[in-house]
Amino acid sequence: MPFRHAILSAGFALAACGPLLAAEPLTKEQIQSAVLSEAVTIPTPGEFFAAMDAQGQPNWTQLYAPTAAGTTASREQMALMLGVLVADGYMAVEAQDGQGVKNTGKDIINLAKKLNVSQSVLSRGNSINDFAENNDWSALREELEATQNDVKLSMAEQKDDGLIVLVTVGAWLRGMQTASDFISKNNTPELAGLLRQPAIVDYLLAQLGRLPERMQKAELIGEVQQKLRDLLVLVQTKNRTPPSQEAVDKMAAITSGLVAAISKENKEP
Amino acid sequence: MKPLVLLLLSASLLAAKPTPTPTPAPTPTPVPTPETRDQITARSKALELAGAFANDGYKVRDGYWGGMLEPGKPQILEINLFAGNSYWVSAAALSPARKLSVKIFDENGKPVKGESYEEGLAAAAGLVADASGRYFVRVELVEGEKADFCLIYSYK
């Protein structure tokens, strides 16, 4: 039993470890009062990719194709792109492509500089390089998440709260694009089931709905919101059944279109 | 040195470092707020427990959730898990709390099968997710008085 082994390997007392004891179900009120904390409620692309590994063993070397970020003057687009790059970083880690991780790390830091994030974030670039140099893939996964969290922290300190959710949206979209594209070509019920993420889409839509009016008016943000609504219909299946092949194909098309829109050159602020 | 350890060390030195804190639904917000010394200590204890699972290949999330736990007022957190992944949700509280409990429920609020670890101020619940989607974690103060707590989860 892997759980018990984990406990034992750490030297904890066996007596303290056992099957989860029967508990009363949660009430509707308790479910409705559940806290949503972005730092833990939204999974990282790394978790998503780990699940793909468990269900389908994708060839990450073939799948990893770094996104070329177009020049943009829009801070909203930069924030979305930053998220896309973070997901690219996780893909490079899965592909065990050290140079790819370094390149993506450099792109993340360059973009973060344009968003005026703090010095602490910039030092993460050096750590990413060091871990990539040593092929420390596990540490790189942690460092990528830590970099993303530091960027968000810095945005909050600068009262750029609206940009925080855009980083999350960018990372989630890129992870979803990678997964849906792979699954549309290698569909199994287990793999397709991973795409069933209505609670996450709901959360992201709710957060986007709280963006300042100025941001809401941006064409790209409007497009992201509309396409997320389309995705919500596709990922919402009854009785936890996996989305159909047709739905998976549509998800791949929608997310590919959005990632292309996020990474295209845009001279409008 | 692992980035988590570095993060923990720097967090211990900089008591005023901001961090996310729980926000009740239906108005969730990702905006971080300042972290107290007690919250940092609770996080350190939760990381200590999560570190045990890291020895078995579990990757510890950098993100965490914390706040105040009161007797008779369990805290419930929504998380999203992927089928096929194994998870451990670890939590720790500080004195005057004495005993903590962590339970995991599916999207309908039914308790899920898995493993548990409860030892005084630290507790964890583990499962292999059988379906992708929304789950709930309930952290409860079983014995003791109001205290800070922190929750972290690991996956593989």
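Visitor: Which residue in E10(B) is the bridge partner of Gln75(B)?
Guide: Val139(B) is that partner in this predicted model. Gln75(B) itself lies on one side of E5(B).

Visitor: What makes E5(B) and E10(B) a pair?
Guide: Two strands pair if DSSP finds at least two bridges between them. E5(B) and E10(B) are joined by 7 bridges, so they meet that cut-off. They run antiparallel. In general, strands of a sheet pair through backbone hydrogen bonds, either parallel or antiparallel.

Visitor: How do you know that E7(B) and strand E10 of chain B pair?
Guide: The cut-off is again at least two bridges. E7(B) and E10(B), the latter covering residues 133-144, have 8, so they count as paired. The sense is antiparallel. Leu100(B), for one, stands opposite Leu141(B) in E10(B).

Visitor: What is the order of the open sheet of 3 strands in chain B?
Guide: The order is E5-E10-E7, with antiparallel pairing.

Visitor: Why do strand E5 and strand E7 of chain B stand at the edges?
Guide: Each has a single partner strand, so one side of each lacks a neighbour in the sheet. E5(B) spans 75-81 and E7(B) spans 97-105. Neighbouring strands of this sheet are turned by 25° against each other on average, direction ignored.

Visitor: Why is E5(B) called largely enclosed?
Guide: A residue is buried if 20 or more other C-beta atoms lie within 10 Å of its own. In E5(B), 7 of the 7 residues are buried, so the rest of the structure largely encloses this strand. Both faces are covered. Gln75(B), Leu77(B), Ile79(B) and Leu81(B) are buried on one side, and Ile76(B), Glu78(B) and Asn80(B) on the other.

Visitor: Which residues touch the most other members of the largest nonpolar core?
Guide: Ala46(B), Val89(B), Ala91(B) and Leu151(B) do, in a core of 130 residues.
Guide: Buried residues make up 56% of the 156 residues in chain B. Among its contacts between residues at least 6 apart in sequence, 75% join residues at least 24 apart.

Visitor: Why is Glu142(A) called buried?
Guide: The cut-off is 20 or more other C-beta atoms within 10 Å. Glu142(A) has 25, so it is buried. Glu142(A) is found in helix H9 of chain A, residues 137-157. Glu142(A) and Leu153(A) are 11 residues apart in sequence and 16 Å apart in space, C-alpha to C-alpha.

Visitor: How do you know that the span of helix H15 of chain A agrees with its 19 residues?
Guide: At 1.5 Å a residue, residues 245-263 should span 27 Å. The end C-alpha atoms of H15(A) are 27 Å apart, so the two values agree.

Visitor: What do the buried residues of H15(A) pack against?
Guide: They pack against helix H6 (75-94), helix H10 (161-185), helix H11 (189-193) and helix H14 (219-235) of chain A. Among the buried residues of H15(A) are Ala247(A), Met251(A), Leu258(A) and Ile262(A).

Visitor: Which elements of chain A have the lowest and the highest mean pLDDT?
Guide: Helix H1 of chain A, residues 2-9, has the lowest, at 47. H15(A) has the highest, at 97. The mean for chain A is 89, and 91% of its residues reach 70 or more.

Visitor: Where does pLDDT stay under 50 in chain A?
Guide: Over residues 1-15, for which the model has 27 contacts beyond four places in sequence. Where pLDDT is low, the predicted coordinates should not be read in detail.

Conventions:
Residues numbered from 1 in each chain as written. Chains lettered and ligands numbered in written order. Predicted model: local features only at pLDDT ≥ 70, side-chain atom pairs only at ≥ 80, totals over all residues. Buried ≥ 20, exposed ≤ 12 C-beta atoms within 10 Å, placed from the backbone. Contact = placed C-beta atoms within 7 Å. Helix = DSSP H or I, 4+ residues; strand = E, 2+ residues; numbered from the N terminus. Expected span 1.5 Å × (residues − 1). Core = buried A, V, L, I, M, F, W, Y, C linked by C-beta atoms within 7 Å. Axes fitted to C-alpha atoms, helices over the stretch in contact; angles between N-to-C directions. pLDDT = per-residue confidence, 0-100.
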